Amino acid sequence: MRRTPPRAGTQIRKAAPLVLLTTALLAPAAVVAAGMGAAGPAKAVGPASTRAANTMQLVVESITPDAPREPQTEIKLSGTIANGSQTQLSNLRVRLRYGSRPFTSRVEMESYQIGQGVFDQASLSAMTTVPLMEPGGKQSWELTMTPAAMRMWSFGVYPMAVEVVDSVGQQLAIQRTYVTYAPKNTPVQRTRLAFALPVIDQPRRADDANFASEGLRSAMNGSGRLADLLKIAQGTGGAKGVTWFVDPALLDDAQAMSKPYWVKNSKFTGDRPAEPLAASWLAGIRTALADQTVFATPYADPDVAALAHNGLDSAPATALRLGDEVASSILGREIETSVNWPVGGMIDHDTLDVLAVGGVRTVLLNPDNVPYTPPVGGLAPTPATPHAATTLDSVTGTVKGLVTDKALSSLLEPEHGAAGAAVLNRQRFIAETAMITAEQKDRSRAVVAAPARRWANPDSAFITDLVKTVASLPWVTPVKLDSIKPDKAAPVPRGGFVYTDQDRRGELSKKYLESVRQVTNQAGLTTQVTSADDKQVFERALLRITSSAWRGRTAMAGTLVKQVDAAVDTRIGKVKVTGKERPRTLAGNDGFVPISIKNDTGHPVVIDVDITSETPELLTIEAYDDERRQTIGKDHIGIIQVPMRAKPRNGDAVVAVQLRTIDDEPYGEPVKLTVRTTGYTGIALVIVGGGVAVMLAAIVLRVLRRRSQKRMAKLGARGETRSEARARS
């Protein structure tokens, strides 16, 4: 199986050593070093010594100064040793080892760091003796030397180590580090250094109104990672060499949480009061970044590579547009998305094209993504550190690529919780920048240091101190990230994009994005019927579920997808056919039946209405083209008078009402309505005709009866009986 190099920010192995080193890990290198140094040949390791070596803890707590500038300047190291064994130890010695020849390359420094370089010697003058050390005991130590005593005469980086040996000279622990000697008046072309620091989190909301997670509270509180990032931003205020990348969705979530908000998750559903921590953090970050260089990520930091590879190309452009809009609005000044930091610093041509179309002009990349390719036949097996800037070809033209330095970037993340790790990382960072300068003293280059984009454990004290320290070094010039330009006179030879199958597998999966696509399509329907001022109702929600934060965590993201899907359904359901529970009546052969559409969206909508008869043997729908498209105001009801014609049969007919967008897409599910037909058939006409005849006969009889009654009344008045009148007549 093909192996791929580790990505920037992926901690395969720390560049700095573990602080608590033991002979169990370093014994081979330590024995060689002792054999070649002034301490004499290596001694056999006995059982007691082995146990002590496995548990001896050596911590370097301080190294001063950062870079001695005079031959007689004191170099002071201090720290502690601890006996973690169950054995009493005696006559321990803590001593300094050093080399008088400077490193010639960063590769040589790396070899020394892992114990492969052997050019250090032991000092008899810089040594502390510990006569007796009980089990569990701890002892402080301090060592002092000068550049002259270590025979350092020229500008460069030199090896320096602290070791603990027992009474017979067996090494029990060692910490390797460096000292950079920079004599005054040494002419060098300064290395330009830019720090890229991220303020990127994970989306906390599903749709805009619903928080699916309350993790912001703990992240912003005390020693939470967002609280530490704020401290770094505050501590580096005014520093020229720091560029920040901020996710606008994080600012947006913080702003939403600073007001009363709604939570819905597996643990709690209900209202929450405004969170003071969110308001305080947001105000702090706004103030801290006011005078610093800031770029916005696309909104919610979407997985642009996955979107590009799965046909969702429009989402990154929307995220880039929303990114600068939201960040600028919340931070109160113009923030651009023209400089982009892709996930892991890894892209391919498809991803670059999508970013370039969205307006990106600079990308910050992992060195593994665009590897340095020395010219064929070059004599130098270990070439000098390349200039950070290069040019990349995209569908819109040239895009600038800025390539991070792997070693410097890894040193920004000391091992979390390891005593003394920050001190050793700081010392090596100083040394690495000096070595970059020493590689080509007559030529200035630029380098970029960047931690992992989702910085797990930002050490605020370490980073703040390091940024200030680097600015004071005589061989470094801090610069803004976007000020670094490609070297036209000597362009850096780099290969094409290296984007492996493993990189592809790391993206959001095709299966997950298919569920996102379905929700996106449904949400798109709402934009087709609503007015212009309500087009963006689900834009942010859809970008949150495409966030790169969900790489490897799509099960968690699936909950958000379901919540967004439910919110979309609810939104679609706010434009609905009313009165579906009661039947309509069509009196006569034909006529109009009213159908009402209610709009509860809070915005005007334009909707098409399709009405079809599902019982054509009873009922047909006549043409109603003039009323098919309805414009319904907010919180209003639109009524369509639908012409219908009954067939010569009575019964309950069924019609289906399907709302559609103006692009003829179904909007919600069809609604079935019952129409009761009462049209007169032939039999009905006979019955009605007979009824009319009976009614007329009754009227005639009633008229005749009234005439007879009037005649009898007249006879009575003359005194004649009916028989007399009949005889007379």
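Colleague: Before we turn to details, how many helices and strands does the protein have, and what percentage of its residues is buried?

Modeller: The model is a predicted one, and its secondary structure comes to 20 helices and 27 strands. Of the 729 residues in the protein, buried residues make up 50%. Among the contacts with a separation of 6 or more, 78% are accounted for by residues 24 or more positions apart.

Colleague: At what angle do helix α5 and helix α7 pack, and which residues make the contact?

Modeller: The crossing in which α5 passes α7 is left-handed. On the α5 side the contact is made by L226, A227, L230, A233 and Q234, and on the α7 side by W281, G284, I285 and A288. Sorted by class, this contact of α5 with α7 has 7 nonpolar residues, 2 polar residues and no charged residues.

Colleague: How does the packing of α3 with α12 read, in angle and in the class of its residues?

Modeller: Helix α3 (residues 106–113) and α12 pack at an angle of about 150°, with axes 10 Å apart. Because angles over 145 count as roughly antiparallel, α3 is roughly antiparallel to α12. From α3, the residues R106, M109, E110 and Q113 meet R428, A431, E432, M435, I436 and E439 in α12. By class, the contact of α3 with α12 has 4 nonpolar, 1 polar and 5 charged residues.

Colleague: Where is R445, and what does the side chain of R445 make a polar contact with?

Modeller: R445 has its place in the loop between α12 (421–439) and β17 (446–449), and at 1% relative accessibility this arginine counts as buried. The side chain of R445 makes a polar contact with the side chain of E439, at 3.3 Å, while a polar atom of the R445 side chain lies 2.4 Å from the backbone oxygen of I436. Not counting residues up to four places away in sequence, R445 touches R190, T191, R192, A384, T385, H387, I436, T437, E439 and Q440. Of these, R190 is 255 residues from R445 in sequence, yet the two are 7.8 Å apart in space, C-alpha to C-alpha.

Colleague: Finally, how many residues of helix α6 are buried, and which residue caps the N-terminal end of α6?

Modeller: Helix α6 (residues 248–257) has 9 of its 10 residues buried, so this helix is largely enclosed by the rest of the structure. The buried residues in α6 are P248, A249, L250, L251, D252, D253, A254, A256 and M257. The N-terminal end of α6 is capped by D247, which has a side-chain oxygen 3.0 Å from the backbone nitrogen of A249.

Methods: Residues numbered from 1 in each chain as written. Predicted model: local features only at pLDDT ≥ 70, side-chain atom pairs only at ≥ 80, totals over all residues. Heavy atoms only, no water. Left-handed = near helix turned anticlockwise from the far one by under 90°. Helix = DSSP H or I, 4+ residues; strand = E, 2+ residues; numbered from the N terminus. Contact = heavy atoms within 4.5 Å. Nonpolar A, V, L, I, M, F, W, Y, C, P; charged D, E, K, R; others polar. Buried < 20%, exposed > 50% of the residue type's maximum accessible area, 1.4 Å probe, protein only. Polar contact = N/O pair within 3.5 Å; in protein donor to acceptor, adjacent residues only side chain to side chain. Axes fitted to C-alpha atoms, helices over the stretch in contact; angles between N-to-C directions. Parallel < 35°, antiparallel > 145°, perpendicular 65-115°, else oblique.
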